[in-house]
There are 2 protein chains.
Amino acid sequence: MDNTDTMIHCGGGETSQRQEDDSKSGMRSAEAILRLLPVILCIAALVLMLKDSETNELASLSYSNLGAFKYLVHANGICAGYSLIAAIIAALHRPITMSQAWTFFFFDQVLTYLILGAGAVATQVLYLADKGDKTITWSSACVSFGGFCHKATASVAITFIAVLCYALISIISSYQLFTKYDAPLSTNL
Amino acid sequence: MDNTDTMIHCGGGETSQRQEDDSKSGMRSAEAILRLLPVILCIAALVLMLKDSETNELASLSYSNLGAFKYLVHANGICAGYSLIAAIIAALHRPITMSQAWTFFFFDQVLTYLILGAGAVATQVLYLADKGDKTITWSSACVSFGGFCHKATASVAITFIAVLCYALISIISSYQLFTKYDAPLSTNL
């Protein structure tokens, strides 16, 4: 039972109905943008990282030589795919059912953590590659591979904009799920 | 206006009221446990990492030599402090107001991301310290500092249990906020 049913039980007025419709319509637009934006961002970050390799007179360095960057590529790929599928489902199935709301909520939360974790570990590796660590004799790889580090930094920065979109979409899917959940509690009386 | 008001508008029955009270009481207990558990976990992870240092014939290694581990210590300290304050406020102020619900929601989300990020970067550094990276000539520090790595692994593992608690408490605070938010929309009619 959704909120519309609750309103029928409680009585209704056209103005408030219109206000709620406007509010829902605004949220749908925000949701559509926030679900489609990460598709572009994640693919951009993924392609940038995939093409990131540099060869100098001593050695050759590619994203695949660093586990954190491989994880970033995979996470961006998964998130781009999920965002596209979720955007299509969200656009086609309105209003969303309880099971859809739970599915969106679950995957939005999990993928937010996944992409945040990927961004965090990639940032850490970039920091170590830039500064190095004298105590454990880790050299500053960015001294020799400056171009590689610049491209990787751009990819990580784009990933963090996608993280922001995911954090917002998680809030929206929580709202959509829990406002639905409240209705049966109030209307079962 | 909270859910109780919605029920008054819609009519009510004692059984459903009792069911809702039981449900709310269960959620409060879960919330109390999930807010107090990270205090213990974060302090344990923090102390374990703070005391983590090893000296061999070649060098000395402490948590403070690695930025990721320093970040883990800070994040655990912040989360332990916040969880304690939040548990006290949540226990004393019942029912929580709208502004308190927003505050809990905001800080629960931010600190979940903070502690997840700290756990992720510390795991990445542990992985690099264990495996090393031949391409960029990073040695396996854990070969020389096995004891240090073991303690750090334990600290990170405890941090991830705290992350799990935070993920769950974020869901609870989202539920508490958004079910409150739905009430005015339905009852203003």
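In which helix of chain A do Arg35(A) and Glu31(A) lie, and how many residues apart are they? Both lie in helix α2 (residues 14–50), four residues apart, which is about one turn of the helix. The model is predicted, so that local features need pLDDT of at least 70 and side-chain atom pairs count only at pLDDT 80 or more, whereas totals for chains, interfaces and linings use all residues. Residues are numbered from 1 along each chain as its sequence is written, chains are lettered from A and ligands numbered from 1 in the order in which they are written, and side-chain values use heavy atoms, with hydrogens and water left out.

Chain A contains six helices and two strands; helices (H or I, at least four residues) and strands (E, at least two) are DSSP runs, numbered from the N terminus. Along the sequence, the elements of chain A follow the pattern α-α-β-β-α-α-α-α. Of the 189 residues in chain A, 48% are buried, where buried means under 20% relative accessible area, exposed over 50%, and partly exposed in between (1.4 Å probe, protein chains only). The accessible surface of chain A comes to about 8,900 Å², and carbon and sulfur atoms account for 66% of that surface. Accessible areas come from the Shrake-Rupley method with a 1.4 Å probe, and for residues only the protein chains shown count as cover.

In an unreviewed UniProt entry, the annotation "transmembrane region" is given to residues 32–51, 71–92, 104–129 and 154–178 of chain A. UniProt positions are given in the numbering used here, feature names are shortened, and annotations may be inferred rather than shown by experiment. The span 32–51 of chain A is 95% helix and 0% strand, with its end C-alpha atoms 29 Å apart. For residues 104–129 of chain A the values are 100% helix and 0% strand, and the end C-alpha atoms lie 37 Å apart.

Side chains of opposite charge can pair when their charged atoms come close. Over all chains, the structure holds four salt bridges, each a side-chain nitrogen of Lys or Arg within 4 Å of a carboxyl oxygen of Asp or Glu. One of them joins Arg35(A) to Glu31(A), with the closest N and O atoms 3.1 Å apart. Arg35(A) counts as buried because its relative accessibility is 3%, and Glu31(A) counts as buried because its value is 1%. Arg35(A) also forms a salt bridge with Asp108(A), at 2.8 Å between the closest N and O atoms. This pair links distant parts of the chain, since Arg35(A) is in helix α2 and Asp108(A) is in helix α4 (residues 98–131), 73 residues apart. Asp108(A) is buried, with 0% relative accessibility.

In chain B, Glu31(B) and Arg35(B) meet in a salt bridge of 3.0 Å, N to O. These two residues lie four residues apart in helix α2 (residues 14–50) of chain B. Glu31(B) is buried at 1% relative accessible area, and Arg35(B) is buried at 3%. In chain A, salt bridges that share partners join Glu31(A), Arg35(A) and Asp108(A) into one network.

The largest nonpolar core has 54 residues, and Phe69(A) and Phe69(B) have the most contacts inside it. A nonpolar core is a set of buried Ala, Val, Leu, Ile, Met, Phe, Trp, Tyr and Cys residues joined through side-chain atoms within 4.5 Å. Leaving aside residues up to four places away in sequence, Phe69(A) touches residues including Met49(A), Tyr63(A), Leu126(A) and Phe148(A), a contact being heavy atoms within 4.5 Å. A second, separate core of 50 residues includes Ala162(A), Leu177(A), Leu111(B) and Val163(B).
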